[in-house]
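I opened the notebook on a new model today.

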Amino acid sequence: MPELTTSADQATKAAAGAAAGARLPEPKPEKTRSLWGDAWQDLRTNWVFVLSAVLILLLLVMAAWPGLFTGADPNDKDLANHYLQHPNYGHVFKADWLGYDAQGRSVYARAIYGTRASLLVGAGTTAVVVLFGGLVGMLAGYFGGWIDAVLSRVTDMFMGIPFLLGAMVALNSFTERSIPVVIGALAFLGWTQTARVMRGSVITVKSTDYVQAAKALGAGTRRILFRHVLPNAVAPVIVVATISLGIYIGAEATLSFLGLGLNGVSWGNDISDGGNSIRVAQFIMLYPSIMLSITVLAFIMLGEAVRNALDPKTR
Amino acid sequence: MGRYVARRLLQMIPVFIGTTLLIFLMVYALPGDPVRGLFGDKGASPAVLRSLRHEYGLDKPVLVQYYDYMKGMILHLDFGTQVASGRPVTDILGEAFPVTLRLAGMAFAFEAVLGIALGVVSGLRAGKAVDTVILVVTLLLISIPIFVLGYIFQTVFAFKLNLLDPSVSDATDYSQLLMPAIVLASVSLAYVARLTRTSVAENMRADYMRTAVAKGLPRRRVVGVHLMRNSLIPVVTFLGTDLGALMGGAIVTEGIFNIHGVGGTIYQAIIRREGTTLVGLVTILVLVYLFCSLIVDLLYAVLDPRIRYA
């Protein structure tokens with residue numbers, strides 16, 4: 001009740017104010033933000049970032065708890081009643097919402113349940129690629145000399161083989177293509193790009209004053225690498241990794257499409273199956289394709305937003 | 001310049017050997033057997049398998065096989081024999097390569113011309129509506145997998161509108177290859193456009209651009225010479241490595257549109273585990289890739305005289 005404040009109250013307040021004014025104004029420490037702090041300020045208000053982050057969050061929930069989104073079983077087959085049954089758009093979130101495929105399985109349930117495989121393959125491949133490619137690139141960039149020459153030539157060798165071809169050759173030897181196998185096949189040739197980005201980034205950071213200072217103070221190689229070089233060199237790798245995550249999800253679907261992908265429920269397999277009945281029932285292919293494209297899009301948008309936020313030139 | 005080319009060619013030798021050895025090891029070290037594959041589920045007697053393996057040299061250690069193969073390839077241009085058909089691999093390559101080269105060439109032309117044009121338009125009007133539209137469209141093209149795009153094109157242009165043939169006949173003339181080439185080019189086109197846009201938009205703010213405008217040069221010259229020459233370097237790098245990728249990536253496109261090119265042959269070779277065919281095809285792709293990256297390096301000097309080769 002502000003109107004009831006007595007004059008006495010006001011007096012004490014004024015006195016307090018005067019006392020505060022009498023003291024030297026505490027200089028507010030100038031807040032220095034790191035590169036990432038700056039980027040975060042930029043990203044919070046960037047609608048591309050917010051949109052892609054929300055989409056990815058939704059996809060993560062979908063992958064973890066698909067049962068939240070559909071009550072139907074993706075492997076339930078009912079050929080007698082549901083063969084190529086067209087979508088019933090009134091039944092939102094029901095098993096027959098997006099129709100049934102040529103084996104009488106719910107297209108909607110399969111589109112939801114396919115999320116997990118795609119995200120696991122994408123995240124797993126990215127993790128392996130960043131760890132291995134990042135290590136190779138860091139060693140090549142930091143030590144230079146013959147280590148760099150050897151590592152860079154090895155990277156060139158792996159880069160010479162077309163990505164999709166190499167993955168196909170590797171996957172063709174496995175009849176049981178589980179998620180770790182697909183991750184291994186994609187990461188086998190995928191690490192080269194990360195290695196190159198990391199190498200370039202480390203070479204730039206290596207010559208900076210603070211690294212020289214750490215060296216002069218007698219810091220060990222490991223300490224310099226992991227405490228000084230790595231944190232400052234990792235930004236471009238994170239950007240490339242985020243975008244690649246989307247690309248790997250697309251690659252997994254392409255391999256499934258070629259009949260060399262995951263066993264089990266996956267968007268690639270469903271799109272491939274849908275291709276067989278494309279003349280009569282386009283919807284079977286449409287919905288897994290939309291899910292796949294949205295997922296790839298979300299990761300690419302996230303990566304690009306982060307890149308723009310980290311790059312002072314675009315500010 | 002001559003010395004630089006010589007050094008680059010010498011550097012290629014270990015990469016070439018390493019890449020071919022890698023693909024050789026991948027094909028032979030992984031489980032599976034092309035000779036057993038010849039007989040399907042029925043199988044054959046061990047004696048027959050053994051004699052066939054001996055005939056194709058598959059009973060020797062992998063490294064010896066690799067050495068023999070490379071020796072035959074380099075000295076006699078002999079890429080080996082396809083196990084399934086018994087024909088020399090060079091015959092099969094001779095049939096498949098022209099088709100894929102035509103397809104990849106058309107796709108490359110689309111990608112370069114349309115990609116750079118869109119990128120320049122977008123970059124010159126950075127932040128305007130045209131720019132946003134081009135950015136959104138290219139982003140969509142990148143995120144839609146190429147096989148989905150292929151089906152969309154087939155459904156819309158062939159089945160619904162009846163404008164084009166849904167698949168390509170053995171004649172593989174240019175009009176039939178139009179749709180597959182566009183599909184094959186789409187993702188790279190989007191990359192080229194975005195790369196050009198970033199580069200152009202960045203260089204628009206450069207000092208030399210302001211100088212060029214201030215001294216009264218016509219806009220055509222400012223954009224066409226000053227801007228383009230400086231902006232094209234990253235684009236040329238991408239385009240150079242992409243021709244090889246287009247040929248290798250044609251597997252999916254060739255499958256959808258029923259084109260009998262390198263992609264289909266590679267696919268068959270992988271499925272049937274025919275190491276020799278596969279290694280021969282991949283070797284040529286690797287050569288294309290190495291050759292293109294050499295050309296790119298030499299083009300740098302043309303585009304940017306500041307880059308010199310010692």
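Predicted model: local features only at pLDDT ≥ 70, side-chain atom pairs only at ≥ 80, totals over all residues.

How are α11(A) and α12(A) oriented to each other: roughly parallel or roughly antiparallel?

**Entry 1**

I looked up the ranges. In chain A, helix α11 covers residues 267–276, and helix α12 covers residues 283–310. I read off a packing angle of about 150 degrees. The axes lie 8 Å apart. Angles over 145 degrees count as roughly antiparallel, so α11(A) and α12(A) are roughly antiparallel to each other.

I then checked the hand. The crossing of α11(A) past α12(A) is left-handed.

Next I listed the residues in this contact. α11(A) contributes W267(A), D270(A), I271(A), G274(A) and G275(A). From α12(A) come I284(A), M285(A), P288(A), S289(A), M291(A) and L292(A). I sorted the contact by class: seven residues are nonpolar, three are polar and one is charged.

**Entry 2: chain B**

I turned to chain B and its secondary structure. I found 12 helices and zero strands. Read from the N terminus, the elements of chain B run α-α-α-α-α-α-α-α-α-α-α-α.

I took the dimensions along the principal axes. The C-alpha atoms of chain B fill a box of roughly 85 × 60 × 30 Å.

How much of chain B counts as buried? I got 38% of its 310 residues.

Last, I looked at sequence separation. I considered contacts in chain B between residues at least 6 apart in sequence. Of these, 74% join residues at least 24 apart.

Methods
Residues numbered from 1 in each chain as written. Chains lettered and ligands numbered in written order. Axes fitted to C-alpha atoms, helices over the stretch in contact; angles between N-to-C directions. Helix = DSSP H or I, 4+ residues; strand = E, 2+ residues; numbered from the N terminus. Parallel < 35°, antiparallel > 145°, perpendicular 65-115°, else oblique. Left-handed = near helix turned anticlockwise from the far one by under 90°. Contact = placed C-beta atoms within 7 Å. Nonpolar A, V, L, I, M, F, W, Y, C, P; charged D, E, K, R; others polar. Buried ≥ 20, exposed ≤ 12 C-beta atoms within 10 Å, placed from the backbone.
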